[in-house]
Amino acid sequence: MNIIRRPRRSRQSAAIRDMVQETRLSVTDFILPVFIMEGQNVRSEVASMPGIHRLSQDLLLEEIQECVDLGIKTFDLFPNLPESKKDKYATESYNPDGLYLQTIRAIKDRFPDVMVMTDVAMDPYSSDGHDGVVENGKILNDPTLEVLGKMALAQAQAGANIVGPSDMMDGRVGYLRQVLDEGGFHDVAIMSYSAKYASAFYGPFRDALDSAPKFGDKKTYQMNPANSREALIEAQLDFAEGADFLMVKPALAYLDIIKLLNDNFHLPIAAYNVSGEYAMIKAAAQQGWLDGERAMMESLLSIKRAGASVILTYFAKEAARLL
């Protein structure tokens, strides 16, 4: 048998497989999303996200120390707030004495070299549970930008390194860049949730924050899962408005979108490996239906192979231990 090209030759031993491996994961690829809540010495597991907890500030600082020791350097902070702190205009989001901004300051005081990424969206602070100002059942775009601007500026003043507008309002990247620059925060980066889809995979996250919309859905501002060319429009706008990173969310069902943005934009592409993607692997592993560690690493590798140089993932700590 005269077979000239035998690809199996480069798979015949671990040493050769390692040598020709095209994609490599590193702990420096990861951003760990973390959940902050009020209180002292409070650790509350998210039922739909095994192993993930909402933490009070004191325990969050301990968690960050553990992660830093594993090589994780960037954290995306999300607040779980009581209903009493929520209102129509999300005013708690820019309260300098509020939990979220206090926590940013505490992290940067203790870990000056850690990168703190923030969430810029109204839903964790909104009595309506939406990412924008609601009037007569409609989510208003331009009035929302003013709230987002106040929020991002307050986060920058507290010490945030990267702001992450996850709201999907039109024009928000340009508006936030202007507000940050006018405030003197030229060095604060914007990681735009450029292609954020109206996905079924966000359920556990909304449990974690108690932030589900009080009515309707988010389909008038988050993207239709059926569309890919639309992602190019969203990304081009964010690129033109000054985004420093372009993000795709979710990741695993949208690997084609990650590749599309990576092929078309010379900016770092981020992907959010979301709560539902985490929960599916964890649940199947708990049932013994698949090897949880292997499935985790294969998923993360596929996200990077598709073109994401930054991966937001709840697996960051586990994956860092294996790496």
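Asp-181 and Arg-177 both lie in helix α5 (residues 172–182), four residues apart, which is about one turn of the helix. Helices here are DSSP runs of H or I with at least four residues, strands are DSSP runs of E with at least two, and both are numbered from the N terminus. The two side chains meet in a salt bridge of 3.1 Å, N to O; a salt bridge is a side-chain nitrogen of Lys or Arg within 4 Å of a carboxyl oxygen of Asp or Glu. Asp-181 is partly exposed, at 29% relative accessibility, whereas Arg-177 is buried, with a relative accessible area of 12%. Buried denotes under 20% relative accessible area, exposed over 50%, and partly exposed the range in between (1.4 Å probe, protein chains only).

The model is predicted: local features need pLDDT of at least 70, side-chain atom pairs count only at pLDDT 80 or more, and totals for chains, interfaces and linings use all residues. Residues are numbered from 1 along each chain as its sequence is written, and side-chain values use heavy atoms, with hydrogens and water left out.

A search of the whole structure finds 15 salt bridges. One of these joins Glu-66 to Arg-321, with the closest N and O atoms 3.9 Å apart. Glu-66 belongs to helix α2 (residues 57–69) and Arg-321 to helix α11 (residues 316–322), so the pair ties together parts that are 255 residues apart in sequence. Glu-66 is partly exposed, with a relative accessible area of 40%. Both residues take part in a network of salt bridges that links Glu-63, Glu-66, Lys-317 and Arg-321. A further salt bridge is formed by Arg-172 and Asp-167, with 3.2 Å between the closest N and O atoms. Both members of this pair are buried: the relative accessible area is 2% for Arg-172 and 0% for Asp-167. In general, side chains of opposite charge can pair when their charged atoms come close.

On the surface, Arg-5, Arg-6, Arg-8, Arg-9 and Arg-11 gather in a patch of positive charge. Patches are made of residues with over 30% relative accessible area and no salt bridge, like charges being joined within 9 Å and nonpolar side chains (Val, Leu, Ile, Met, Phe, Trp, Tyr) within 5 Å. Accessible areas come from the Shrake-Rupley method with a 1.4 Å probe, and for residues only the protein chains shown count as cover. Lys and Arg count as positive and Asp and Glu as negative, while His and the chain ends are not counted. The place of a charge is taken as NZ of Lys, CZ of Arg, CG of Asp or CD of Glu.

Strand β1 (residues 30–37) is joined to β12 by two bridges, and the two run parallel; strands pair if DSSP finds at least two bridges between them. Phe-30 has Ile-311 as its bridge partner in β12. Strand β11 (residues 269–273) also runs parallel to β12, to which four bridges join it, and here Asn-273 is partnered by Thr-313.

In strand β9 (residues 189–196), eight of the eight residues are buried, so the strand is largely enclosed by the rest of the structure. Strand β8 (residues 162–165) runs parallel to β9 and is joined to it by two bridges. Val-163 stands opposite Ile-190 in β9. In strand β4 lies Asp-76, which is buried at 0% relative accessibility. The C-alpha atoms of Asp-76 and Met-117 are 4.5 Å apart in space, although the residues are 41 apart in sequence.

Backbone geometry was also examined. A cis peptide bond joins Lys-249 and Pro-250, with omega about -5 degrees; Pro-250 is located in the loop between β10 (245–249) and α8 (255–264). Ala-90, although not a glycine, has a positive phi of about 55 degrees. Ala-90 is placed in the loop between β4 (74–80) and α3 (99–110) and is buried, with a relative accessible area of 0%. Asn-136, likewise not a glycine, has a positive phi of about 50 degrees. Asn-136 occupies the loop between β6 (133–135) and β7 (138–140) and is exposed, at 80% relative accessibility.
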